[in-house]
Structures are given as C-alpha cells and as structure tokens.
Amino acid sequence: MSDARAEGSQFPPRVYLLVGVVSALAAFLVFIEWQMPSSQPKGFWNALAAFAFLSIVSDSLFFKIPIAKANASLAFIPLQATVALFAPPWPMFIGGFTALVVDTLIRKKATIRVVFNTAQYMLAVGVAGLVYRALGGTVGLENFSFLFIPFVALVVTFFLVNHGSVALAVAFSSGVSVREAWGRVGGRALVNDLFSSTLAILLVFLYVKLQLPGIAILVFPLFLVRQLYQMNLQLQEELEEKLELMVKAMEARDPYTSGHSRRVAEYALSIGRELKLSADALDGIKRAALLHDVGKIYEEFAPLLRKDGRLTPEERVVMRTHVVRSAELVATAAKLRGSVEAMIRHHHENFDGSGYPDGIAGEQIPIGARIIMVADTLDAMTSDRPYRRAMTFERAVEELHEYAGSQFDPKLVQLVTNSGSIRRLLGGPGPAELATPTARPSWARALRAKREPATEALPPELV
C-alpha cells in the first residue's frame, strides 16, 4: 500500500486541491455507506480491534519508494480483508485510523500529509468495498464464501484508487509526470501487489475459522512478503551503485571528463521527462546515459584519451568503436541487455543515417539513443575543455538547430529550446531570448580548427 510522505513544507496549490478533493470524496462515501445497527454480532469489537492493530503494525513496517521519499507497506492485506469481514463504514474507519495513528504518532508527519493519507486510505477501502458488494461479494464474521470476480474487482479497485491518488500527489508535488509517478509508486510492483493480495483471502478464512489464532498464523507469511519487497528494492539500489562504480572507473582515465556521464544522464532524464516517458523508459535512458562511454575503459582507448594533439584518421576509427565496445560490455549484465544495450550502441547514429556504427536513421534510432546524443552534445559544448572554452547555452542551442534533421532529431532540438528544466540545469536564458539561427554560426567554423576532442563525442560536423 502506497502513501505520500515527501519531505518539505511547501506544496503547490494543486496539492492542497487534491487533498481537499480526496477528503471530500472520502467523507461523502462514509455518508452514503453509513450503516450502524443497534447491536453488533458476537466478537465484533474484538475483531475490529484485532484488524485495526494488524493494519497499524503492517503500515508501520514500511519500505521506501525511490521517488519523492514516498513509502509503501503491506497494510493493504489486512485492509482488503476487512472489506469481507465488516459492514460499511467500518473498513473505512480502520483504514483512516491506521493512517492517522501511523503518520501522527510513529512518523510524526505534517498535518497535510496526515490528512491526505487518512483520506486516501479511507477512499481506497471504501470504493473497493462498494465495488466488491455490488458484484455479489459476501460480508460477515461468521461465514466466508469466496467469489473470484468480486474479490478481483476489490483488489484492482483498491490499488487503482490508492496508487492513483498517491501518484497524483507525487506528480503535483515533485513536478514529474503522472505517468512516471504511477510507474514508480505502483506500476512496477502491481503484479506483486496483486499476488500478495491473495493473503487477504487467507486472512479472512483463517479469522472466520480460528478467530485471533488465525491472525497469528498469518503473521509470519506477512513478514516474509515484506522482506521480499524490501529485497527487491535493495537489488535495485545495488544495481544503481554498481553503475556509479563503473562510471567512476571509466572517468578515472580522463580527469577532463569527470562528471560528464552523470551530467549527460541528468540532461537525458530531463529531456525524457519533458516527453512524459514511462518510469521504466526513463530508468533505461538514465542507465544508458551513465554508461554510454563505458567501453572507453578498455586499454585500447587509453592512449587516445591521453593524447594532447588531434587524432589521426586511424585513431578516429578506433575511437568510433567505443560505442560497440560499450554496448558489448553492458550486455554482460542481464538487466541491461536489450533496450539499454541498444541505446548505447546507437547513441552516435545521425538522424539522416550518416552516423555510426550501423548507419540507421530517423525513427529507426531508439528514442533513448536520440536523447542521449542531444544530451551528450549539450554537455560537450557547454563544458570547458583544455583546448577550448565552453559555449554559452544560447550558442549551444544554435548549434543544435544548425544540425537538426541531419545529426539531431529536430523534435528533440525544439524541445530543448523550449525546455525550462534544461535551461535551469545549464543556467541558460529563457526561450524568448533564444533565436533559431539562419546561417552557420562562427563557433562551428572555429571548432573545425581545433584538434579532435579525444575525450568527448562531439558531433562529427562540429570537430
């Protein structure tokens, strides 16, 4: 189960609007679902207390989602079970009470986060219960009749509301697209979440048959599932750390390009976000950008990287092989084969087909490779080198426009020109201050007189 717990106290107005809408919907659902019989079945209050306690404990054992410092937990398992055990609005009360206690007393979160998480927990449980009962799902503490379609609808509805509301909160507060936020909040773990929700069925069955001992039986499986989620996140973190180590090892060969790969990854990620790509696509682009020059770690490139003068034609041929060597090296890691490998191999393909190593053109070039080429060139042009000073941002944009359609994807060039995030990263002026050139800029001619930059992959036309 996901919740929004980003740090900081300032939020855009739309975040407050979202909190208000979610809270209003939760309150309305309580109103229309209100059913308070004069007497409750035997053991009702014990069951209510037991599931409230189990939900609070499950929510307290959270694990972090690497976006906007949000968290997730296994509280969805006992909360989904309450829908089949308690008549409305009791499941909503348990969900709201869980978020209120955990956020207020355990995590000590700001009021707006407490209100939002309380409301979205209640809304997710309430809407899921409404769908479950509408499709014929049974409710009761004494008997349990499992029906496949109502239960599946319960689970799917629960996650759509829970993950969807949190994704909106993350997108509104952090500036990423809703698509990316959804992918990071729940998209990747959705299959695991759906599978883990089968424990809710078991929990209901065990409680109906055994009462409190039934809950105790399920504590260990819940702990194991939680550990599996945690291990999966740790594996992702370890992969990112290994990528950083590979980049540092490569850049140790050439102090002049120190930080280059990380900057290219940052620019490429920003461009990808402007295109509103999915979280998986963005992660692939980031990894490919970090490792786009990793093949230069091979000894055959060492003398070329250290050479003071211009490369000979033979040396330039050798240097061009770094894209293939990089792709081959990356392909040794199973998680990086396929799209990441392809982006690295093709990040020097020109849009008109005149690039290398395969001479493909246009849409045949993976979008990630086209993005990395633009990001790589931006960093090369706007960074100081021992043989030249850095270009200004506006001059770099002029160069991109000069070769749009021949070397660069013209849509990406226009995107960079209009991108506020790219301008902020590079410290450039606003788009109104930039003018698309009508003639070849003098910088391009000046670069032709310089030695070939052995440490960077500047566009062939610009060296």
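Phe-51, Phe-76, Phe-86 and Phe-158 touch the most other members of the largest nonpolar core, a set of 74 residues. Helix α6, residues 148-174, gives this core its largest share, 12 residues. The model is predicted.

**Nonpolar cores**

- In soluble globular proteins, nonpolar side chains tend to be buried together.
- Which residues does Phe-76 touch, not counting residues up to four places away in sequence? The partners are Met-1, Phe-158, Phe-159, Asp-193, Ser-196, Ser-197 and Tyr-229.
- A second core is separate and has 43 residues. Its members include Val-247, Ile-371, Val-374 and Ala-375.

- Leu-135, Phe-146, Phe-148, Ile-149, Val-152, Val-156, Leu-160 and Leu-194 make a nonpolar patch of about 730 Å².
- Which helix gives the patch its largest share? That helix is α6, with five residues.
- Phe-146 belongs to the patch, but its place is in the loop between α5 and α6.
- Is Phe-146 buried or partly exposed? Phe-146 has a relative accessible area of 38%, so it counts as partly exposed.

**Helix α12, a mostly covered helix**

- Helix α12 runs over residues 279-290 and has 12 residues. From its first C-alpha to its last it reaches 16 Å, close to the 16 Å expected at 1.5 Å a residue.
- How many of the 12 residues of α12 are buried? Nine are, and the helix is mostly covered.
- The buried residues are Ala-279, Leu-282, Asp-283, Gly-284, Ile-285, Arg-287, Ala-288, Ala-289 and Leu-290. Asp-283 and Arg-287 are on this list too.
- What do these buried residues pack against? They pack against α7 (178-187), α10, α11 (260-274), α16 and α17.
- Leu-290 and Gly-259 are 31 residues apart in sequence. In space they are 9.8 Å apart, C-alpha to C-alpha.
- Gly-259 is found in the loop between α10 and α11. Its relative accessibility is 12%, so Gly-259 counts as buried.

**Cis peptide bonds**

- The bond from Pro-88 to Pro-89 is cis, with omega near 5 degrees. Pro-89 has its place in the loop between α3 (76-85) and α4 (90-106).
- The bond from Tyr-356 to Pro-357 is cis as well, with omega near 10 degrees. Pro-357 lies in the loop between α16 (339-345) and α17 (367-381).

**Positive phi outside glycine**

- Lys-108 is not a glycine, yet its phi is positive, near 55 degrees. Lys-108 is found in the loop between α4 and α5 (111-134).
- Is Lys-108 buried or exposed? Its relative accessible area is 65%, over the 50% cut-off, so Lys-108 is exposed.
- Gln-211 also has a positive phi, near 65 degrees. Gln-211 lies in the loop between α9 (198-210) and α10 (212-251).
- Gln-211 has 34% relative accessibility, so it counts as partly exposed.

Definitions and conventions. Residues are numbered from 1 along each chain as its sequence is written. This is a predicted model: local features need pLDDT of at least 70, side-chain atom pairs count only at pLDDT 80 or more; totals for chains, interfaces and linings use all residues. Side-chain values use heavy atoms; hydrogens and water are left out. Helices (H or I, at least four residues) and strands (E, at least two) are DSSP runs, numbered from the N terminus. Buried means under 20% relative accessible area, exposed over 50%, partly exposed in between (1.4 Å probe, protein chains only). A nonpolar core is a set of buried Ala, Val, Leu, Ile, Met, Phe, Trp, Tyr and Cys residues joined through side-chain atoms within 4.5 Å. Contact means heavy atoms within 4.5 Å. Patches are made of residues with over 30% relative accessible area and no salt bridge: like charges are joined within 9 Å, nonpolar side chains (Val, Leu, Ile, Met, Phe, Trp, Tyr) within 5 Å. Accessible areas come from the Shrake-Rupley method with a 1.4 Å probe; for residues, only the protein chains shown count as cover. A salt bridge is a side-chain nitrogen of Lys or Arg within 4 Å of a carboxyl oxygen of Asp or Glu. The expected span of a helix is 1.5 Å times one less than its number of residues.
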